[in-house]
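Reader: I would like to learn how to read a fold, a pocket and a single side chain from coordinates. Could you walk me through an example?

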Amino acid sequence: MVHIFFLFFFLLQLLSFPSHAAVQDFCVGDLSLPEGPAGYSCKKPAKVTVNDFVFSGLGVTGNTSNLIKAAVTPAFSAQFPGVNGLGISIARLDLAVDGVIPLHTHPGGSEVLVVVEGTICAGFISSSANSVYFKSLKKGDIMVFPQGLLHFQINGGGTPAIAFASFSSPSPGLQITAFALFKNNLPSALVEKTTFLDDAQVKKLKAVLGGTG
């Protein structure tokens, strides 16, 4: 009986302590402050408006008049502060005929791609065995790209293609492999050593992409 009394007393003590767990519905990003590893700091609730939770840019066709004949319109936390802290974001992909989203990675999140117009050849490369998984996707098809793996999208038809990509992060990050190698000042000699390309090939790619060195 004594043990039961002390157990009952202990439970009462626990219930009598006030809860200090903060319940926060959202954390709209304060874009006036720098983004940190955990995202943006929260905007003060009094300054939050409905517009923080609405993004209207995905209905506009991206400009594909460029080298890759493609455009990505992101709705990440930097453009859409309402997704800050929620673990989600979205982007629109426009690919003109022969358009390509080159090999790239998103170090901060996985991606789900849905084709809404045209045909897109998409695929990714595993990190464990360098296995390649690619397929021609048509309207309504969906493909997933695991976090951090190299992947690509290419217009696989004779008409413009449109897709939407959702991410498991409000700021998934982006690194395009070709840009990382050839659109900077990494010395050509080092690029040649690490890629097995000859000097002429490296200098040609640096000239196309705007690299130096």
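Author: We will go from the whole chain to its sheets, then to a pocket and one histidine. This is a predicted model, in which local features need pLDDT of at least 70, side-chain atom pairs count only at pLDDT 80 or more, and totals for chains, interfaces and linings use all residues. Residues are numbered from 1 along each chain as its sequence is written, and side-chain values use heavy atoms, with hydrogens and water left out.

Reader: Happy with that. How many helices and strands does the chain have?

Author: Helices (H or I, at least four residues) and strands (E, at least two) are DSSP runs, numbered from the N terminus. Here the chain has 4 helices and 10 strands, and along the sequence they follow the pattern α-β-β-β-β-β-β-β-β-β-β-α-α-α.

Reader: In which order do the strands of the open sheet lie?

Author: Two strands pair if DSSP finds at least two bridges between them. The open sheet has 5 strands in the order β6-β5-β8-β3-β10, with antiparallel pairing. Because β6 (132-137) and β10 (175-176) each have a single partner strand, they stand at the edges, and one side of each is left without a neighbour in the sheet.

Reader: Which residues face each other across these pairs?

Author: Let us follow β3. β3 and β8 are antiparallel and share 3 bridges; V100 is opposite I154, and H104 is opposite H151. β3 also runs antiparallel to β10, joined by 2 bridges, where T105 has Q175 as its bridge partner.

Reader: Now the pocket. How is empty space found?

Author: Rolling a probe the size of a water molecule over the atoms shows where empty space is left. A pocket, on a 1 Å grid over the protein atoms alone, is an open set of points where a 1.4 Å probe fits, with protein on both sides within 12 Å along at least five of seven lines; lining residues have an atom within 4 Å of a point. Points are joined across faces, edges and corners, and the volume is the space filled by probe spheres set on them. In this model, the largest pocket has a volume of about 250 Å³. It has 18 lining residues, and V72, I101, H104, H106 and L174 are the closest to its centre. β1 (70-75), β2 (89-95), β3 (100-105) and β9 (161-167) each give two or more residues to the lining, with the largest share, 4 residues, coming from β1.

Reader: Is H151 buried or exposed, and which side chain does H151 meet in a polar contact?

Author: Buried means under 20% relative accessible area, exposed over 50%, partly exposed in between (1.4 Å probe, protein chains only). H151, in strand β8 (residues 151-155), counts as buried because its relative accessibility is 1%. A polar contact is a pair of N or O atoms within 3.5 Å; within protein, one must be able to donate a hydrogen and the other to accept it, and residues adjacent in sequence count only if both atoms are side-chain atoms. The side chains of H151 and H106 form such a contact at 3.5 Å, and a polar atom of the H151 side chain lies 2.9 Å from the backbone oxygen of L149. Contact means heavy atoms within 4.5 Å. Leaving out residues up to four places away in sequence, H151 touches several residues, including P102, H104, E111 and F145.
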